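Biologist: I'd like to learn how to read a sheet and a helix in a model like this one. Could you walk me through it?

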Amino acid sequence: MANGPEKLWQHLEAWGLPFRESQAALSARSPRRADPWLAGVELCLVSTRSPLEPVLTEPWSFSLRPDTALDVPPWEWEAAVRRFEDAQRNLAVAIECLAPVLGTPVDSSASNTREWTWWFGHGGLVARVFPPELNPGPNSRYEVDPGLRTECRLRLVPCWAQDLTADESRRLRASHCLWHDSRGRPNRWPGELWSALGQPRQLRNDLVRPAGVRELRLEEETGDLWWIGLPDLAWVIARSGIESLEHMELWPAKGPGGGWLTIVGTPARPGGQGPRLQIAEVPAAESQAQREAARVLADTLKLPLRTEAEYDC
């Protein structure tokens, strides 16, 4: 991940991809069509000048779900190449178009996929195929849309974050640490650790944490939370955007057990589901202490706390 996200953003700007614009603005001026597989979901199509444009099946798109927060940019973009009835050739075409611009990708293939990834910090672009010889079983979707079997699917995660302002820096420094651990892991997939809850902010160099460190911090004056889930990124979570807290405890049985604390966000639209942020996972020996920390946080913010416990079977 030698390239930083700024390099990716420069490429996207040159392509004319409006990755900083809100989904409300984009959906208001772009064509849409129903997602063929997900009820109630629409795909918003946005034309660009990317090197892939001549070979794409249709323009880059992002999903609009019933509970999508429209005031934020799309988290991810997707597209597909179906030039040939051959998965490997479609993958090769995508790489040939992108490599001269983005550089040499990393082979991130799994057992039944062939994929290559261009990493830019926490985000990046993935080109993936499911070769029929590695996926011989029946698939009802292929019967409906045979092109799915050999298409090269492209997934773009810009991971764009505004710089932390001077006032936000002051607020973050003044916040109180509620939870700290060093168990964080690096991304194995672009955008894997990106949070859909709160507003991401790029930290100044003097606030960057060591690799693996994660912190949940409380701004006592406002009740807002700060989640430092990646070394150089913090999410500011407004108290008004939090609906509840959840704590799940698994007692050791067949499995090792553990504890999980989750922040549940306020739904973007009535009747929708709010975004969820699992802020910490701890071993079983630390689960009760984590549950007590969740109770203190719930009492402080006057939030409902749902607790659950069962054996790790």
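Modeller: Gladly! Two strands count as paired if DSSP finds at least two bridges between them; strands (E, at least two residues) and helices (H or I, at least four) are DSSP runs, numbered from the N terminus. With that, Ile242 stands opposite Gly265 in β16. This is a predicted model, where local features need pLDDT of at least 70, side-chain atom pairs count only at pLDDT 80 or more, and totals for chains, interfaces and linings use all residues. Residues are numbered from 1 along each chain as its sequence is written, and side-chain values use heavy atoms, with hydrogens and water left out.

Biologist: What is the strand order in the open sheet of four strands?

Modeller: Strands of a sheet pair through backbone hydrogen bonds, either parallel or antiparallel. Here the order is β17-β16-β15-β18, with mixed pairing. β17 (276-282) and β18 (305-311) are the edges; each has a single partner strand, so one side of each lacks a neighbour in the sheet. From one strand to the next, the twist averages 15°.

Biologist: In which sense do β15 and β16 pair?

Modeller: Antiparallel: β15 (residues 242-251) and β16 (residues 258-265) share eight bridges. Leu245 stands opposite Ile263 in β16. Six residues lie between the strands of this hairpin, and Gly257 takes a positive phi near 75° there. On to the next pair: β16 and β17 are antiparallel over six bridges, with Ile263 opposite Leu277 in β17.

Biologist: How many residues of β16 are buried?

Modeller: Buried means under 20% relative accessible area, exposed over 50%, and partly exposed in between (1.4 Å probe, protein chains only). Eight of the eight residues of β16 are buried, so the strand is largely enclosed by the rest of the structure. Both faces are covered, with Gly258, Trp260, Thr262 and Val264 on one side and Gly259, Leu261, Ile263 and Gly265 on the other.

Biologist: Now for a helix. Which residues of α1 are buried?

Modeller: An α-helix has 3.6 residues a turn, so residues three or four places apart point the same way. In α1 (residues 5-15), the buried residues are Pro5, Leu8, Trp9, His11, Leu12 and Trp15. They cover an arc of only 160° around the axis, which puts them on the same side of α1; the arc is that of the directions from the helix axis to the C-beta atoms.

Biologist: What do the buried residues of α1 pack against?

Modeller: Contact means heavy atoms within 4.5 Å. The partners are α3 (87-102), β6 (114-120), β7 (123-129) and β8 (152-157). After α1 comes Gly16, with a positive phi near 75°.

Conventions: Axes are lines fitted to C-alpha atoms, for helices over the stretch in contact, and angles run from 0 to 180 degrees between N-to-C directions.
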